[in-house]
Amino acid sequence: MRPPFRLLTLLSLTLLATGCRDEQAGPKPRAKALPPPAQARVLDAAPADLTWRSGATFAGGGVRYLGTRVSPPVAVPGQPVQLSHYFEALRPMPQGWEFFVHVVDPSTGQMMVNADHGFAAGAAPLGSWPVGKVVEDVHTVPMPPSPGRVVLGFWQGDARLPVDDPSAHMGDNRIFGPQLGGAAPSLPEYSVRRAAKAPAIDGVLDDAVWKDAAPVVLRGSFDGRPASLRTEARLAYDDQHLYVAFDVEDPDVWGTLRKRDEPIYEQEVVEIFLDANADGRTYNEMQVSPHNVTFDAYFPARRQGMDLGWDSGMTTAVKVRGTLDEPSDRDEGWRVEMRIPFARLAEVPHLPPAKGDRWRFNLYRLEHLERRQVEGQAFSPLFVGDFHALPRFGLLVFE
């Protein structure tokens with residue numbers, strides 16, 4: 001899903017080289033931040049037990065970043081960790097610069113967590129720092145699902161405060177902070193079987209291929225816990241197509257969007273993401289709503305260059321078990337079938353897929369419980385609020 005479009009409430013899709021924009025998507029994290037300090041903490045020196053020591057400076061030696069303490073230093077994905085950052089103003093600094101903190105993929109620099117916030121909960125903007133004293137900022141972030149790097153700095157409009165030492169940042173004025181995360185939970189695999197006969201795309205799910213396909217139940221996208229409402233998915237393939245079926249438990253089946261490629265991810269939807277060559281960059285996203293409205297997009301890199309002009313060529317069908325858009329009664333749910341042509345997907349290694357080919361993929365559901373609280377479900381739990389968390393995609397293995 002995507003950014004300020006979506007809940008996860010969903011946000012902006014393009015990662016810009018300048019400025020600080022939130023680009024997470026999916027349901028909001030459940031972890032509660034620590035209460036903000038009543039006032040900024042000013043010290044004579046940084047603590048001795050810093051996890052990461054820096055000393056790099058901004059703005060021609062105007063500000064020094066001393067380092068960061070991570071507590072606890074080791075945590076499971078999704079667990080809140082406290083970051084305490086320490087800076088020193090070496091001369092008076094101008095007003096108007098805001099603080100940012102990002103957790104990024106170390107190899108690509110792409111966003112994993114956006115933790116932008118006012119320095120010391122807004123109590124100590126950069127222009128107010130006493131010269132020669134150490135100021136502290138404390139906040140929490142969720143431990144990322146795979147190893148991440150904290151980068152931080154100051155922004156104003158579309159500019160970032162320059163970092164003086166080129167080796168202390170990635171060329172984007174986001175100064176290096178500590179590494180987060182260790183070994184991530186193992187990725188689930190789905191063995192997709194070849195269909196002896198293609199299913200009829202009617203949403204009924206009574207074809208023999210679905211009886212032969214292995215079922216998988218989606219789990220909470222943040223933490224892998226059992227979801228509030230059951231979603232079962234199955235996949236199959238033949239020489240031309242990938243087939244996907246969802247069986248969705250839903251007491252209130254609804255949706256207001258009716259046009260293709262509208263932001264149906266802001267309502268109730270099922271989705272599949274496919275990274276056919278498993279490069280962690282190029283991928284396709286396909287969605288279906290209870291009204292059988294579809295959304296499909298191509299991405300040349302994670303959350304970058306979203307191409308809505310791309311046409312998946314998929315055929316879909318939905319069968320609602322209940323009364324669509326009627327909140328006064330109780331529905332059973334809805335079922336979805338998708339037929340996706342391999343030839344339309346990005347960078348497919350073999351056409352048709354060869355036995356043993358291993359793609360990266362994920363399956364999702366967004367459910368609005370009582371049309372208010374958003375719950376994300378996934379085949380491979382993400383442990384962050386971003387359905388585009390490519391390192392957490394599972395494996396699709398062709399039998």
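Hello everyone. Before we start, residues are numbered from 1 along each chain as its sequence is written. Because the model is predicted, local features need pLDDT of at least 70, side-chain atom pairs count only at pLDDT 80 or more, totals for chains, interfaces and linings use all residues, and side-chain values use heavy atoms, with hydrogens and water left out.

Let's begin with the whole protein. It has 1 helix and 24 strands; helices (H or I, at least four residues) and strands (E, at least two) are DSSP runs, numbered from the N terminus. Of its 399 residues, 54% count as buried. Buried means under 20% relative accessible area, exposed means over 50%, and partly exposed is in between, with a 1.4 Å probe and protein chains only.

Now please find strand β6, residues 98–104. How many of its residues are buried? The count is 6 of the 7, so β6 is largely enclosed by the rest of the structure. Strand β6 pairs with strand β9, residues 148–156, in the antiparallel sense over 7 bridges; two strands pair if DSSP finds at least two bridges between them. One of the positions to look for is V103, whose bridge partner in β9 is V150.

β6 also has 3 bridges to strand β7, residues 111–114, and these two run antiparallel as well. Here H102 stands opposite N114 in β7. The hairpin of β6 and β7 has 6 residues between the strands, and G109 there takes a positive phi near 80°. T108 sits in the loop between β6 and β7 and counts as partly exposed at 40% relative accessibility. Its C-alpha atom is 9.6 Å from that of R281, although T108 and R281 are 173 residues apart along the chain.

Strand β18, residues 283–288, is joined to β19 by 6 bridges, and the two run antiparallel. E285 has A297 in β19 as its bridge partner. Strand β19, residues 294–299, has 5 of its 6 residues buried, so β19 too is largely enclosed by the rest of the structure. There are 5 residues between the strands of this hairpin.

N292 has a positive phi of about 60° although it is not a glycine. R371, in the loop between β22 and β23, also is not a glycine and has a positive phi of about 60°. N292 is partly exposed at 29% relative accessibility, and R371 is partly exposed at 34%.

As for peptide bonds, the one from S71 to P72 is cis, with omega near -5°. Another cis bond joins L351 and P352, with omega about -5°. P72 lies in the loop between β4 and β5, while P352 lies in the loop between β21 and β22.

Last stop: Q267, in the loop between β16 and β17. Is Q267 buried or exposed? At 12% relative accessibility, Q267 counts as buried. Q267 is also among the residues that line the second largest cavity, including G255, L257 and H291.

Technical notes:
On a 1 Å grid over the protein atoms alone, a cavity is a set of points where a 1.4 Å probe fits but cannot get out, and a pocket is an open set with protein on both sides within 12 Å along at least five of seven lines; lining residues have an atom within 4 Å of a point.
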